[in-house]
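Open the model in your viewer and keep the selection tool ready. This tour goes stop by stop.

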Amino acid sequence: MTRRRAIAGLGGGLVLLKPALALAQTAYPSRTIKMIVPYPAGGTTDFLGRLVADQLQTGLGATVVVENKPGAATSTGAELVARAEPDGYTLLMATSTTLAINKTLYKKLPYDPVKDFTPIALVAAVPFALIINPQIPAKTLSEFIAYAKSKPGLAYGSAGNGSPQHLGAEMLKTAAGIDIRHVPYRGSVPAMLDVIAGHIPFMVVDLQPALPQIREGKVTVLGVTTAKRVAAAPDIPTLAEGGLAGFDLVAWQGVVAPAGLPRPIVDQLAAQIGKLVADPATRDRLTTIALEPLPGSTPDSFAAYVKTEVDRWAAVVKKAGVELD
């Protein structure tokens, strides 16, 4: 009787295994993929997330939905992905903030930037620009610095605590010797809209969403944060040219998944993103809107890059003098 029960139990175990085995053998993708964007709609991260989602939808024949999950310096969206099943159906449009900056800024994160994610591919580099409300009596960087020195405590907006926009303004504060006050927003576009409306006087903003506003005269641009002028806007000088020697701030964006994602799925996703950023039409499109496509990355090279970027951004954070709990 004991043996018969044991055999019956074994059979029951095999029956339970069948659904799992069938699931493991199901071709990927077989259901909807979620692309989590840790910022509101309308900004650079959202734009790139939707661009990648379209490529995955076309290339893999999958349904891909973009979900905006802003908050807590991208930690809200990042934690959601870090805790998801590593099955390829939950992806994150990750940023320098998510994978590098937050490691230094926060003593406690709800995720580990290195251990909790599977890097898939880099997508684009992101330049920034210093913009001010047109009512401010300044047309050059030196004039703005003089104005800021005459107005101690001048407020500036950012995409949130610890964002490159935040760090860029703090770098400006140190380099120019001005007294300014941080007002964090849930994304760069809401902050920029308040600069346009005059609710806050200035900010360091990602150039991609700001470029149309600059061209329409809704904001005044005083310089870009890159070491060299940006191809999409060669008429805009660098902040270094304006007098802040050595000023250089560029962020990046890439796609990651939860840790433990099977390599065959990683390679499928990486191949599609590789096609996207290597496509001449896409490259021209990104360059035109002030983004720099980053072709040629692999999951392994991206993983190594993240580790080096943690150290690089730690130096930026310390130089900016930013401290957060």
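A salt bridge here is a side-chain nitrogen of Lys or Arg within 4 Å of a carboxyl oxygen of Asp or Glu. The model is predicted, so local features need pLDDT of at least 70 and side-chain atom pairs count only at pLDDT 80 or more, while totals for chains, interfaces and linings use all residues. Residues are numbered from 1 along each chain as its sequence is written, and side-chain values use heavy atoms, leaving out hydrogens and water.

**Stop 1: salt bridges**

Select Lys103 and Asp112. Their side chains form a salt bridge, 3.7 Å from N to O. Lys103 is partly exposed, at 41% relative accessible area. (Buried means under 20%, exposed over 50%, partly exposed in between, with a 1.4 Å probe and protein chains only.) The whole structure has 10 salt bridges.

Next, select Arg50 and Asp46. This salt bridge spans 2.9 Å, N to O. The two residues are four apart in helix α2, so about one helical turn separates them. (Helices are DSSP runs of H or I with at least four residues, strands are runs of E with at least two, and both are numbered from the N terminus.) Is Asp46 buried or exposed? Asp46 is buried, at 5%, while Arg50 is partly exposed, at 34%.

**Stop 2: α2 against α10**

Show Phe47, Leu48 and Leu51 of α2; they meet Thr282, Arg285 and Leu286 of α10. Contact means heavy atoms within 4.5 Å.

**Stop 3: helix α3**

Select α3, residues 75–82. Which residues are buried in α3? They are Ser75, Gly77, Ala78, Val81 and Ala82.

**Stop 4: two loops**

Go to the loop between β2 and α3 and select Ala72. Its phi is positive, about 55°, although Ala72 is not a glycine. Ala73, in that loop, also has a positive phi of about 55°. Ala72 is exposed, at 52%, but Ala73 is buried, at 14%.

Finish at Pro29, in the loop between α1 and β1. A cis peptide bond joins Tyr28 to Pro29, with omega about -5°.
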